[in-house]
Amino acid sequence: MAASSSAGRILTLCKQFQNVFRISSAINTHYCTASLTKYQPRLYSPVSAVSQCRALHTTVSRRGLDQFFDHPENWGETNVKSGAPWTAKQLRTKSNEDLHKLWYVLLKEKNMLLTLEQEAKRQRLQMPSPERLKKVSRSMVRVETVVKERETALRLLQTGQEKGRPGAWRRNMFGYAYWYRYKEYAIPWYMNKRYKRKRFFTPKFVQPHIRLRLEKHLREKARSATLQRGTRSKLKEKFPQMKVSAS
Amino acid sequence: MPVSRLLYPLYQLGNPQLRIFRPNWFLTLVRPGTEQPPDTVQFRIPMEMTKCDIKNYLENIYNVPVGAVRTRIQMGSNKKRNHRNQKIKQPDYKVAYVQLAQGQTFNFPDIFPEKDKTPEEGSMEDMEQKFMEDERQRQKLDPRRGGVTEWFGL
């Protein structure tokens, strides 16, 4: 149980633990599942001797459903300490395997927080430290962005395509050009009745409507420009020494 | 397979099994409203999940042996109204009843037990508590008046 003993030592908010998972302190002793035991000891080993050591809970939850709940010590507390969320900069230094594992750690943490939130609503009590939910969600979003970046880079190098899903610029019936993303069908497009009803060109009778729309847009733009000019000149009158921002 | 895709790839006979990496689905374990058998666990799940999805999710991520899964969709009420008399819709959600295999049972624990909050000496909470008690003592009337309010003269 080397992983759990060293994990117990980590449960402080020392700034030196930059490389440790900055999630709620309960999570490290809680999740001694197979995914965590494969972690390199580098991730958990403390940088220096820590004076405060949290009391270790040696009974590891073998039943998976206990992972939906916090550490039993935290039940009934009003505030549970948790660290800062992961930033994209930090995540870019991690390997793909680490990001994959981190995703599941964050997923389990979010499940736990959601169960806690629902139970608090049920018991009509306040959920302890609800900001953890936001932190976890933002971390997950950042993990996703980093993974997507890596995927696009790989795809560009291997195939030269930047988007995974093929698409094309098409014009719809109303005259708008948009990025149409292809969808998978079992039959070709000329046999697809519903697809053929969708027109990817602008009929002739729509041209007057487009012209009117354009006129409206230009009129609005001109109106907003004159309004801005008017307000600026009035301000200049009132405050002649005002410095106008170049916008 | 990316995470938040709205489109599943088309499946035809002989295609490889669909794999999902980094699933974007979150389960909420809830306390059952009505009495459930001891091996049943109740979850609130996203609408897009199916029974097979839940089984695989719990077995692979949580190592929970799943026997049977039954799902239903609970409609959120549209009856409440706001100060403008507009109807307010509570969101719909899917409920899953998961029966554990291998004879395991689950009892929803009490997550908010009563804890006596005796603050330690010298801490902030202790000082705050003492201060509040002192204030309350000051607000009380003179005990020699015997419960008679200040409104009565003398």
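**View 1. The contact between chain A and chain B in the predicted model.** In this predicted model, chain A brings 39 residues to the contact and chain B brings 40 residues. About 3,600 Å² of area is buried between chain A and chain B, and carbon and sulfur atoms give 65% of that area. Three residues, L65(A), F69(A) and W75(A), supply 17% of the area that chain A buries against chain B, more than any other three residues.

**View 2. Salt bridges and polar contacts between chain A and chain B.** The rule finds 3 salt bridges across the interface of chain A and chain B. A salt bridge links E77(A) with K115(B), and the closest N and O atoms of this pair lie 3.1 Å apart. Across the interface of chain A and chain B there are also 15 residue pairs in polar contact, with both residues of a pair at pLDDT 80 or more.

**View 3. The side of chain A that touches chain B.** The elements of chain A that give two or more residues to this side are α6 (96–123) and α7 (131–158). Helix α6(A) provides the largest share, 15 residues. By residue class, the side of chain A that touches chain B comprises 16 nonpolar, 10 polar and 13 charged residues.

**View 4. A nonpolar patch on the surface of chain A.** The patch is formed by Y185(A), I187(A), W189(A), Y190(A) and M191(A). Together, these residues have about 580 Å² of accessible area. One of them, Y190(A), lies in the loop that runs between β2 (177–181) and α8 (193–197) of chain A.

**View 5. A salt bridge between E215(A) and R219(A).** The side chains of E215(A) and R219(A) meet in a salt bridge, with an N to O distance of 3.9 Å. Both residues belong to helix α9 (residues 207–238) of chain A; because they are 4 residues apart in this helix, about one helical turn separates E215(A) from R219(A). Over all chains, a search of the whole structure finds 14 salt bridges.

Terms used. Residues numbered from 1 in each chain as written. Chains lettered and ligands numbered in written order. Predicted model: local features only at pLDDT ≥ 70, side-chain atom pairs only at ≥ 80, totals over all residues. Heavy atoms only, no water. Contact = heavy atoms within 4.5 Å. Buried area = accessible area lost by both parts, 1.4 Å probe. Salt bridge = Lys/Arg side-chain N within 4 Å of Asp/Glu carboxyl O. Polar contact = N/O pair within 3.5 Å; in protein donor to acceptor, adjacent residues only side chain to side chain. Nonpolar A, V, L, I, M, F, W, Y, C, P; charged D, E, K, R; others polar. Patch = residues over 30% accessible without salt bridge, like charges linked within 9 Å, V, L, I, M, F, W, Y side chains within 5 Å. Areas by Shrake-Rupley, 256 points an atom, 1.4 Å probe, with all protein chains shown as cover.
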